[in-house]
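Here's a protein chain to walk through together, one piece at a time.

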Amino acid sequence: MSIALPPQVTPRAFARLAEINTGAAAPRALRVAVEGGGCSGFQYDLKLEEAAAEDDLILEGQGQRVLIDPVSLPFLENATIDFTDELIGARFVVQNPNASASCGCGISFSM
């Protein structure tokens, strides 16, 4: 599969992942996936995992890893994975130029 521009991960997101993994016996990677559902048609599923699948795209920085499965990859072309710490809460976010609309929660989107 050929992706024109793979997703990018900001230094801030890698730094937060490093904080999460500080002192962990087995550092975990952040998995970013796209699933059907949510109020706009698709939704992001972000979770920590110990190991990558054989066919995952692995984005690395600051000694940390972000995993993206091949099914989700086309939906995340040219997207940016970031970490925000705002009044409403701290969380990993996906800034996706492919999304034509998104929900107020930032987890659900349509294309």
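Start with Gln-8, which stands opposite Thr-80 in strand E6. What you're looking at is a predicted model, so keep that in mind as we go. The two strands involved here are E1 and E6, and they pair in the parallel sense over 2 bridges. Helix H1 packs on the sheet they belong to, touching E1, E6 and E7, and its direction makes about 70° with that of E6.

Now for the sheet itself. It's an open one of 3 strands, in the order E1-E6-E7, with mixed pairing. The edges are E1 (residues 8-9) and E7, each of which pairs on one side only. As a bit of background, strands of a sheet pair through backbone hydrogen bonds, either parallel or antiparallel.

Let's step back for a moment. The whole chain has 1 helix and 9 strands. Reading from the N terminus, the elements run β-α-β-β-β-β-β-β-β-β. Of the 111 residues in the chain, 34% are buried. If you take contacts between residues at least 6 apart in sequence, 51% of them join residues at least 24 apart.

Next, the helix. In H1 (residues 11-21), the buried residues include Ala-13, Phe-14, Leu-17 and Asn-21. Why do they sit on the same side of H1? Because they cover an arc of only 100° around the axis. Just after the helix comes Gly-23, which takes a positive phi of about 80°.

What does the largest nonpolar core look like? It has 18 residues, and those with the most contacts inside it are Val-32, Val-66, Leu-76 and Ile-81. The elements giving two or more residues to this core are H1, E2 (29-36), E5, E6 and E7 (89-95). In soluble globular proteins, nonpolar side chains tend to be buried together.

Take Asp-82 to begin with. This residue is in strand E6 (residues 80-86), where Asp-82 stands opposite Val-93 in E7. Is Asp-82 buried or exposed? Its relative accessibility is 4%, so Asp-82 counts as buried. Which side chains does the side chain of Asp-82 make polar contacts with? One is that of Thr-10, at 2.7 Å, and another is that of Arg-12, at 2.5 Å. Beyond its neighbours within four places in sequence, Asp-82 is in contact with residues including Ala-13, Arg-91, Phe-92 and Gln-95.

Then there's Gln-64, found in strand E5 (residues 64-68). With a relative accessible area of 10%, Gln-64 is buried, because the cut-off for that is under 20%. Its side chain makes a polar contact with the side chain of Asn-21, at 2.8 Å, and Asn-21 is one of the buried residues of H1. Leaving aside neighbours within four places in sequence, the contacts of Gln-64 include Phe-14, Leu-17, Ala-18, Arg-28 and Leu-59. Pro-27 is 37 residues away from Gln-64 along the chain, yet their C-alpha atoms are separated by 8.1 Å.

Finally, find Asp-56, in the loop between strand E3 (42-49) and strand E4 (57-61). Asp-56 has a relative accessible area of 11%, so this residue is buried as well. The side chain of Asp-56 makes a polar contact with the side chain of Arg-31, at 2.5 Å. That side chain of Asp-56 also reaches the backbone nitrogen of Ala-53, at 2.8 Å. Apart from neighbours within four places in sequence, Asp-56 is in contact with Arg-31, Leu-67, Ile-68, Asp-69 and Pro-70.

Note on methods:
Residues are numbered from 1 along each chain as its sequence is written. Side-chain values use heavy atoms; hydrogens and water are left out. Helices (H or I, at least four residues) and strands (E, at least two) are DSSP runs, numbered from the N terminus. Buried means under 20% relative accessible area, exposed over 50%, partly exposed in between (1.4 Å probe, protein chains only). Contact means heavy atoms within 4.5 Å. A polar contact is a pair of N or O atoms within 3.5 Å; within protein, one must be able to donate a hydrogen and the other to accept it, and residues adjacent in sequence count only if both atoms are side-chain atoms. The arc is that of the directions from the helix axis to the C-beta atoms. A nonpolar core is a set of buried Ala, Val, Leu, Ile, Met, Phe, Trp, Tyr and Cys residues joined through side-chain atoms within 4.5 Å. Two strands pair if DSSP finds at least two bridges between them. Axes are lines fitted to C-alpha atoms, for helices over the stretch in contact, and angles run from 0 to 180 degrees between N-to-C directions.
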